Amino acid sequence: MTDQKKRTGLGALADAGEGDDFSIIDAIGGPRGVVESMLPGVVFVVLFVATSNLNLTIVVSAVLAVVQVLARLIQRQSLMGALSGLVAVGICLIWAWKSHEARNYYMLGFLTNAGYAALLSVSLIARVPGLGLVVEFIRQMPTEHFKAWFHDWMDDPELKRAYMIVTGLWVGLFGLRLLVQVPLYLTDHVAALGVARLLMGIPFWALAIWVSYLIIATPLHRHKTVRKDENEDAS
């Protein structure tokens, strides 16, 4: 298996249509990636609900995040996911600590979900699907000939339609998270908010990637095949 087959997140969609070995577990970072992503949130909500001690909860959560990074260092594994997770958790913990409110641990998530939903919605209105831009950028970074790169996939009606659909899907994902979680935040239901965040986090992320793969795999495979044949005929 090549390194490309081990791409995670939206990067995994760049390889859609290149085989039948797509793994949703690999796409969301493998079992370890799932645990590392969910553990800080689980520890935060469980410890706060059990103790009602925000400072203790913040300290334990911060120590856990650091331990995850140190474990990666000791085992000489990739640090990118752990470091990005550390930064995100750090921002959330600082926000909760400075405001003295546990519910503000989740504020960064609201802002990022709202931001992504807004950007993708604008891309739909502009008829330039945001998910298409991301996937195609990962698949073939346009270091030069940007116009040719852009029209290569935008002028493929079937592929563009698939990208429009999955972009709408992701707008729905981010919007649904906000619709469910913001009322819990406003009413200060920290335990329910924590559970909702966990359930609508990795599980929703995995489902969205899987459905996106199913939608774009066929048109992307056809597109790649056509371009490969054209290149061979031109050579």
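This is a predicted model: local features need pLDDT of at least 70, side-chain atom pairs count only at pLDDT 80 or more; totals for chains, interfaces and linings use all residues.
Leaving out residues up to four places away in sequence, Asn104 touches Cys92, Trp95, Ala96, Ser99 and Tyr185. Asn104 sits in the loop that runs between H4 and H5. With a relative accessibility of 6%, Asn104 counts as buried, because the cut-off for that class is under 20%.

A second residue of this loop is Arg103, placed between helix H4 (80–99) and helix H5 (107–125). Arg103 is likewise buried, at a relative accessible area of 17%. Its side chain makes a polar contact, at 2.7 Å, with the side chain of Glu101. When neighbours within four places in sequence are set aside, the contacts of Arg103 are Tyr185, Leu186, Asp188, Val190 and Leu193.

The secondary structure consists of 10 helices and 0 strands, and the pattern read along the sequence is α-α-α-α-α-α-α-α-α-α. Taken along the principal axes, the box filled by the C-alpha atoms comes to roughly 70 × 40 × 30 Å. The chain has 235 residues, of which 42% count as buried. Among contacts with a separation of 6 or more, 68% are between residues 24 or more positions apart.

Where do the nonpolar residues gather? In soluble globular proteins, nonpolar side chains tend to be buried together. In this model, the largest nonpolar core holds 34 residues, and the members that touch the most others are Leu13, Trp153, Tyr163, Trp170, Ile209 and Ile216. At least two residues of this core come from each of H5, H6, helix H7 (146–154), H8 and helix H10 (202–234). Apart from this core lies another, made of 23 residues, including Phe110, Val190, Ala196 and Leu198.

Not counting residues up to four places away in sequence, Trp153 touches Pro129, Gly132, Leu133, Glu136, Leu159, Lys160, Tyr163 and His223. One of these contacts, Tyr163, is also listed with Trp153 among the core members that touch the most others.

Two packed helices are described by the angle between their axes and the distance between the axes. For helix H6 (residues 130–139) and helix H8 (residues 157–186), the axes come within 7 Å and cross at roughly 110°. H6 and H8 are therefore roughly perpendicular to each other. On the H6 side, the contact is made by Gly130, Leu131, Gly132, Val135 and Glu136, and on the H8 side by Leu159, Tyr163, Val166, Thr167 and Trp170. Sorted by class, the residues of this contact are 6 nonpolar, 3 polar and 1 charged.

Helix H6 also contains Ile138. Is this residue buried or partly exposed? Ile138 is partly exposed, having a relative accessible area of 31%. Beyond residues up to four places away in sequence, Ile138 touches Arg7, Leu10, Gly11 and Ala14. Ile138 and Leu119 are 19 residues apart in sequence, and their C-alpha atoms are 18 Å apart in space.

Gly41 belongs to helix H2 (residues 30–51) and is buried, with a relative accessible area of 15%. Apart from neighbours within four places in sequence, Gly41 is in contact with Tyr105 and Leu198. Between Gly41 and Val171, 130 residues apart along the chain, the C-alpha separation is 23 Å.

Leu64 lies in helix H3 (residues 54–74). Leu64 is buried as well, at 17% relative accessible area. Not counting residues up to four places away in sequence, Leu64 touches Leu39, Pro40 and Val43. Between the C-alpha atoms of Leu64 and Lys224, which are 160 residues apart in sequence, the distance in space is 44 Å.

Conventions: Residues are numbered from 1 along each chain as its sequence is written. Side-chain values use heavy atoms; hydrogens and water are left out. Axes are lines fitted to C-alpha atoms, for helices over the stretch in contact, and angles run from 0 to 180 degrees between N-to-C directions. Helices (H or I, at least four residues) and strands (E, at least two) are DSSP runs, numbered from the N terminus. Angles under 35 degrees count as roughly parallel, over 145 as roughly antiparallel, 65 to 115 as roughly perpendicular and the rest as oblique. Contact means heavy atoms within 4.5 Å. Ala, Val, Leu, Ile, Met, Phe, Trp, Tyr, Cys and Pro count as nonpolar, Asp, Glu, Lys and Arg as charged, and the others, Gly among them, as polar. Buried means under 20% relative accessible area, exposed over 50%, partly exposed in between (1.4 Å probe, protein chains only). A polar contact is a pair of N or O atoms within 3.5 Å; within protein, one must be able to donate a hydrogen and the other to accept it, and residues adjacent in sequence count only if both atoms are side-chain atoms. A nonpolar core is a set of buried Ala, Val, Leu, Ile, Met, Phe, Trp, Tyr and Cys residues joined through side-chain atoms within 4.5 Å.
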